[in-house]
Amino acid sequence: QLQLVESGGGLVQAGGSLRLSCAASGSIFSINVMDWYRQAPGKQRELVAAITATDSTAYADSVKGRFTISRDNAKNTVYLQMNSLKPEDTAVYYCNALGGANSYWGQGTQVTVSS
């Protein structure tokens, strides 16, 4: 089993920055990919950024150049640095981990960007 705990969400003005953290515990050796997703009210959950065990990264077009995903293996933590935030970035952000045939989710953290 794997447990994921997100933190770092909050309220920020447009143009501001936030850094989200996702701390993993449990069967961390099984993780191949860690992702950040988000879900805005009335919308489907969407993939924001992903990082593999070899540090390859990928981003949604809407966040390229503004968001950066990174990992600290010593702390078993993945980060999402979010800069130049826009009101349309408002959503609940979820951490996800993929290991073998298993997918694990955190509880989510709210990010609200005011105009």
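Reader: What makes S7 and strand S8 (residues 77–82) a pair?

Author: Six bridges join S7 to S8, and the two run antiparallel. Two strands pair if DSSP finds at least two bridges between them, so six is enough. Strands are DSSP runs of E, at least two residues, numbered from the N terminus. Within this pair, Ser70 stands opposite Tyr79 in S8. This is a predicted model: local features need pLDDT of at least 70, side-chain atom pairs count only at pLDDT 80 or more, and totals for chains, interfaces and linings use all residues. Residues are numbered from 1 along each chain as its sequence is written, and side-chain values use heavy atoms, with hydrogens and water left out.

Reader: Why is the pair of Tyr94 and Trp105 called edge-to-face?

Author: Rings of Phe, Tyr and Trp (its six-membered ring) pair if their centres lie within 6.5 Å; planes under 30 degrees apart count as stacked, over 60 as edge-to-face and the rest as tilted. Here the centres are 6.4 Å apart and the planes stand at 85°, so the pair is edge-to-face.

Reader: How do you know whether Tyr94 is buried or exposed?

Author: Buried means under 20% relative accessible area, exposed over 50%, partly exposed in between (1.4 Å probe, protein chains only). Tyr94 has 15%, so Tyr94 is buried. Trp105, at 39%, counts as partly exposed.

Reader: What makes the charged end of Arg45 sit over the ring of Tyr94?

Author: The rule asks for NZ of Lys or CZ of Arg within 6 Å of the ring centre and within 35 degrees of the ring normal. The charged end of Arg45 is 3.8 Å from the centre of the Tyr94 ring. Arg45 also sits over the ring of Trp105, 4.7 Å from its centre.

Key: Helices (H or I, at least four residues) and strands (E, at least two) are DSSP runs, numbered from the N terminus.
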